[in-house]
Amino acid sequence: MFACRDHGIHARVRPKILIVDDEPEAVELVEFNTKQAGFDVLKAADGAEALKKARAALPNLIVLDLMLPEIDGLEVCKMLRRDPATAAIPIVMVTAKAAEIDRILGLELGADDYITKPFSPRELVLRIKNILQRGRPATQPPDTHKFGDLLIDSPRHLVSWRGKKIDLTATEFRLLSILAERRGRVQSREQLLRDVWEYNNLIDTRTVDTHMRRLREKLGPASKYLDTVRGVGYRFLEA
């Protein structure tokens, strides 16, 4: 059972998933499968309701449809990421659009993953579990890493630059941590997809590039440690 994000609450509390979709059949399908997998479910039928419930309930993860009335999914994602209270909540974006630009834009705005309709409910549940697993500390967490003014505290799931906290999503934190742990060694995009996203069947490797771009933006001056190796992948510079 996944640990709850709220401190002081029993570790066996069922994680909450917020499903945001204006199609009742789609909501029913996702709700049934996520409940069967051991999650509690909240529902919202439009963007405005999604923002209200996300801020009030602080779910462990949000399944967010792109095409929504009132406020579309991309705007909802953007607003959630701007709000400190909801900035770290993982988001799986669901879209009927297969165009690359929609997928990339969703990831650039802060979605942790995306899945295109029609999709397998079992695949969605697996992706949800993988994302939530990234946010949990390892059984034997690695030591805290410090590189100049950059601190990566894995046991506390904390990144800071010159003492100021940098808010990262679970996926961004895992990506940075893996690169830092393997500092000096080039990590291919394919390897990062396997180790960060836990994909056995590789999807578009530009997913990695999009997350790296967002990670660099958040790190600001600390992004100097992230090096792009053209045609191969990325590495964390030791100095």
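Guide: Let us start with accessibility: a residue is called buried when its relative accessible area is under 20%, exposed when it is over 50%, and partly exposed in between, using a 1.4 Å probe and protein chains only. This is a predicted model, in which local features need pLDDT of at least 70 and side-chain atom pairs count only at pLDDT 80 or more, whereas totals for chains, interfaces and linings use all residues. Residues are numbered from 1 along each chain as its sequence is written, and side-chain values use heavy atoms, with hydrogens and water left out.

Visitor: How many of the residues in the protein chain count as buried, and how many helices and strands are there?

Guide: Of the 239 residues of the protein chain, 50% count as buried. The chain holds eight helices and twelve strands, where helices (H or I, at least four residues) and strands (E, at least two) are DSSP runs numbered from the N terminus. If contact is taken as heavy atoms within 4.5 Å, then 57% of the chain's contacts with a separation of 6 or more involve residues 24 or more positions apart.

Visitor: Which backbone angles deserve a look, and is Leu 58 buried, partly exposed or exposed?

Guide: Most residues other than glycine have a negative phi, and most peptide bonds are trans. Leu 58, in the loop between helix 2 (47–57) and strand 3, has a positive phi of about 45° although it is not a glycine, and its relative accessibility of 28% makes it partly exposed. Glu 70 also has a positive phi, of about 70°; this residue sits in the loop between strand 3 and helix 3 and is exposed, with a relative accessible area of 69%. As for peptide bonds, the one from Lys 117 to Pro 118 is cis, with omega near -10°, and Pro 118 belongs to the loop between strand 5 and helix 5 (121–134).

Visitor: How should I read the pairing of strands, and why is strand 4 described as largely enclosed?

Guide: Strands of a sheet pair through backbone hydrogen bonds, either parallel or antiparallel. Here two strands pair if DSSP finds at least two bridges between them. Strand 4 (residues 91–95) is largely enclosed by the rest of the structure because five of its five residues are buried.

Visitor: In what order do the three strands of the antiparallel sheet lie?

Guide: The open sheet has the order 10-12-11 with antiparallel pairing, and strand 10 (187–188) and strand 11 (226–229) are its edge strands, each pairing on one side only. Helix 6 (residues 170–181) lies across strand 10, strand 11 and strand 12, at about 70° to strand 12. Helix 8 (residues 206–219) packs on the sheet as well, touching strand 11 and strand 12, with its direction at about 150° to that of strand 11; such axes are lines fitted to C-alpha atoms, for helices over the stretch in contact, and the angles run from 0 to 180 degrees between N-to-C directions. Arg 214 is placed in helix 8 and counts as buried at 11% relative accessibility. Setting aside residues up to four places away in sequence, Arg 214 touches Arg 81, Leu 107, Glu 108, Leu 109, Gly 110 and Glu 172.

Visitor: Which element gives the most to the lining of the largest cavity?

Guide: Rolling a probe the size of a water molecule over the atoms shows where empty space is left. A cavity is a set of points, on a 1 Å grid over the protein atoms alone, where a 1.4 Å probe fits but cannot get out, and lining residues have an atom within 4 Å of a point. Points are joined across faces, edges and corners, and the volume is the space filled by probe spheres set on them. One cavity of 30 Å³ or more is counted, and the largest holds about 60 Å³ of space. Strand 3 gives the most to its lining, with three residues, while the lining residues include Ile 19, Ala 26, Val 63, Asp 65, Val 94 and Lys 117.

Definitions and conventions. On a 1 Å grid over the protein atoms alone, a cavity is a set of points where a 1.4 Å probe fits but cannot get out, and a pocket is an open set with protein on both sides within 12 Å along at least five of seven lines; lining residues have an atom within 4 Å of a point.
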